[in-house]
Amino acid sequence: MNEQQLIILEVDRLSVSYGAFQAVKDVSFHVQAGEIFGFLGPNGAGKTSTLSAVEGLLKPQSGRISVAGFNLHEKPLHARANMGVQLQSTSFQAELTVSEIIRLFAGIYGLNLSKEEVAAKLTEISLADSAEKRFGQLSGGQQQRVSLMIATIHNPRLVLLDEPTTGLDPQSRRQLWERIEAIRAQGDGVLLTTHSMEEAEAVCDRIAIVDHGRIIAIDTPEALIAQHRNDPDVISVSRKGKITLEDVFIGLTGRAVRS
């Protein structure tokens, strides 16, 4: 990517500990404007702790995090104002209507949306007829579309997506990918976690693979595949002859199932 591009998220030598256990160890990476950056790793590798630090939900032992040029420690309100977060599972009130939820969260960000503006946003995500439906009545894919729209309603420069397509059918997953790619196209940065190597290979511009709290590889999916296609550990796990990102991931992090 162009070195002159604006860096939306910068994580520099981040370390996170829980008592004597160090979950994140000297992790550094950045997300540029107009980039989807995948943050991949087995269970317990340090992904959630890293994301929690970026979100400002926990204080790291050391390191620096900047969002849209604002130091998260020194100017937390400015940094968070430039950040949108979509979690794997939504916690919106099931009894509220979709339009009520949109107006509620818009208000939190200081936005006063008219009925027409709410309708326009629902049209954007193909839910024009669902304004008065209760959130709990929506399908999983519809809920994820609403969740992503809420996460970006204030036009943040950085969007954090934690396994956003888990449990979705192929149509819903593809539609969500298109929404994520639209965020990239407008010049914002996306930090994405997923257990789907197919998803990471298809939508991410660059990825970092983290294991045991450290980044063990970082590059474009194509470059990582090319770099490791002849590694014995990668070749040994290939099931179809053609080396994939999943083969590289398992070759680097091991076959053992993590709890």
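Buried means under 20% relative accessible area and exposed means over 50%, with partly exposed in between, as found with a 1.4 Å probe on protein chains only. The model in your viewer is predicted, and for that reason local features need pLDDT of at least 70 and side-chain atom pairs count only at pLDDT 80 or more, while totals for chains, interfaces and linings use all residues. Residues are numbered from 1 along each chain as its sequence is written, and side-chain values use heavy atoms, with hydrogens and water left out.

Select Arg13, which is found in strand E1; helices (H or I, at least four residues) and strands (E, at least two) are DSSP runs, numbered from the N terminus. Is Arg13 buried or exposed? Arg13 is exposed, since its relative accessible area is 53%, and its phi is near 55°, a positive value in a residue other than glycine. Most residues other than glycine have a negative phi. Now move to Asn155, in the loop between helix H5 (140-151) and E7, where phi is again positive, near 55°, and where the relative accessible area of 60% makes the residue exposed.

**Second stop: the sheet of 4 strands**

Colour E2, E1, E4 and E5, which form an open sheet in that order with antiparallel pairing; two strands pair if DSSP finds at least two bridges between them. The edge strands, each pairing on one side only, are E2 and strand E5 (70-71). Between E1 and E2 there are 8 bridges, and if you select Ile7 you can look for its bridge partner in E2, Gln32. Helix H1 packs on this sheet and touches E1, E2 and E4, its direction making about 120° with that of E1; axes are lines fitted to C-alpha atoms, for helices over the stretch in contact, and angles run from 0 to 180 degrees between N-to-C directions.

Next select Leu9, Phe29, Phe39, Leu158 and Leu191, the residues with the most contacts inside the largest nonpolar core, which has 27 residues. A nonpolar core is a set of buried Ala, Val, Leu, Ile, Met, Phe, Trp, Tyr and Cys residues joined through side-chain atoms within 4.5 Å. Among the elements that each supply at least two residues of this core are strand E1 (7-18), strand E2 (21-32) and helix H1 (47-55). Which residues does Leu9 contact, leaving aside its neighbours within four places in sequence? They include Phe29, Val54, Ile65, Leu158 and Leu191, where contact means heavy atoms within 4.5 Å. Apart from this core lies another, of 26 residues, among them Trp177, Ile183, Ile243 and Leu245.

Now show E6-E7-E8-E3-E9-E10, the order of an open sheet with mixed pairing. Its edge strands are strand E6 (83-86) and strand E10 (214-219). E6 and E7 run parallel and are joined by 4 bridges, and Met83 has Leu158 as its bridge partner in E7. Helix H6 (residues 170-185) packs on the sheet, touching E3, E7 and strand E8 (189-193), while H8 lies across E9 and E10, running at about 105° to E10.

**Last stop: a helix pair**

Finally, select helix H8 (residues 221-228) and helix H10 (residues 245-253), whose axes come within 9 Å and cross at roughly 60°. That makes H8 oblique to H10, given that angles under 35 degrees count as roughly parallel, over 145 as roughly antiparallel, 65 to 115 as roughly perpendicular and the rest as oblique. To see where they meet, display Leu224, Ile225 and His228 in H8 together with Leu245, Val248 and Leu252 in H10.
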